[in-house]
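Please look over the sequence and the 3D structure below. The report that follows treats some of the strands and a pair of helices.

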Amino acid sequence: MEFISSEKGKRKLTLNGFMYVRDKTKKGVTYWRCEDYLKCKSRVSTSEDDILMRAPSEHSHPPNSARVIVARAKASMRDRAVKSDERTSNIIQSETQDISLATAGALPKKTSLQRMIQRKRVCPEGNGLMDELRVTPRGEAFVLEEDDQNEFYMFASQKNLDILNNCANWFCDGTFDVAPLGYQLYTIHALVNENATATHIHRDREQI
Ligand SMILES: [Zn+2]
């Protein structure tokens with residue numbers, strides 16, 4: 001039995017290739033249900049000291065050890081993203097190098113792992129932007145404007161600007177969910193043949 005933290009910081013329990021999410025905790029006993037609980041009725045319970053109290057009931061599906069291995073690797077990547085300043089690509093490389101070819105198919109795409117790691121990293125105080133955020137994955141310059149106080153960044157490649165320039169309608173939206181703490185992500189989208197492109201602008205919360 002092992003506990004793995006999810007992307008939202010919740011604990012998941014893994015046992016024999018199955019994964020469980022917490023259902024409820026009552027009088028010190030935590031009741032877990034199979035991650036596929038809509039289709040599967042398997043349950044398991046643990047004590048306050050994380051000791052298995054009741055062995056899991058039968059699952060309606062086979063175990064999926066690849067899923068467990070991937071969940072564990074992703075949890076380690078998030079942990080390293082927060083605790084170290086290693087490059088994103090190094091973290092992904094080192095956490096996936098021992099994963100077998102058969103399991104690798106269950107890994108998310110590299111771009112989504114990169115995004116997951118970057119979401120975990122807050123913008124370093126006073127040091128400005130990390131180098132890997134200054135260029136697009138294709139190596140194009142991506143920072144259009146930035147102020148001296150690291151409070152405002154405007155991101156766009158030249159291609160993004162050309163697309164905006166050629167579009168009569170822009171769509172704008174702001175969110176705090178995916179931005180580092182204290183920042184808002186403000187995006188400008190333009191519709192191009194049903195494909196959207198975006199200019200990204202980070203702004204300090206105070207300036208809005
Ligand atoms: Zn199940």
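Threonine 175 faces leucine 185, a residue of strand S10. This belongs to the antiparallel pairing of S9 (residues 170–175) with S10 (residues 183–192), which runs over 6 bridges; strands pair if DSSP finds at least two bridges between them. Strands (E, at least two residues) and helices (H or I, at least four) are DSSP runs, numbered from the N terminus. The model is predicted: local features need pLDDT of at least 70, side-chain atom pairs count only at pLDDT 80 or more, and totals for chains, interfaces and linings use all residues. Residues are numbered from 1 along each chain as its sequence is written.

Strand S9 is hardly covered, with 0 buried residues among its 6. A residue is buried if 20 or more other C-beta atoms, placed from the backbone, lie within 10 Å of its own.

| Strand | Partner | Bridges |
|---|---|---|
| S3 (residues 18–26) | S4 (residues 29–34) | 6 bridges |
| S4 | S5 (residues 43–46) | 4 bridges |

Tryptophan 32 in S4 is the bridge partner of arginine 22, and tryptophan 32 also stands opposite valine 44 in S5. S3 and S4 make a hairpin with 2 residues between them, and lysine 27 in the turn has a positive phi of about 50°.

Turning to the helices, the axes of H2 (residues 88–96) and H4 (residues 110–120) come within 10 Å and cross at roughly 120°. Axes are lines fitted to C-alpha atoms over the stretch in contact, and angles run from 0 to 180 degrees between N-to-C directions.

Methods: A residue is buried if 20 or more other C-beta atoms lie within 10 Å of its own, exposed if 12 or fewer, and partly exposed in between; C-beta atoms are placed from the backbone.
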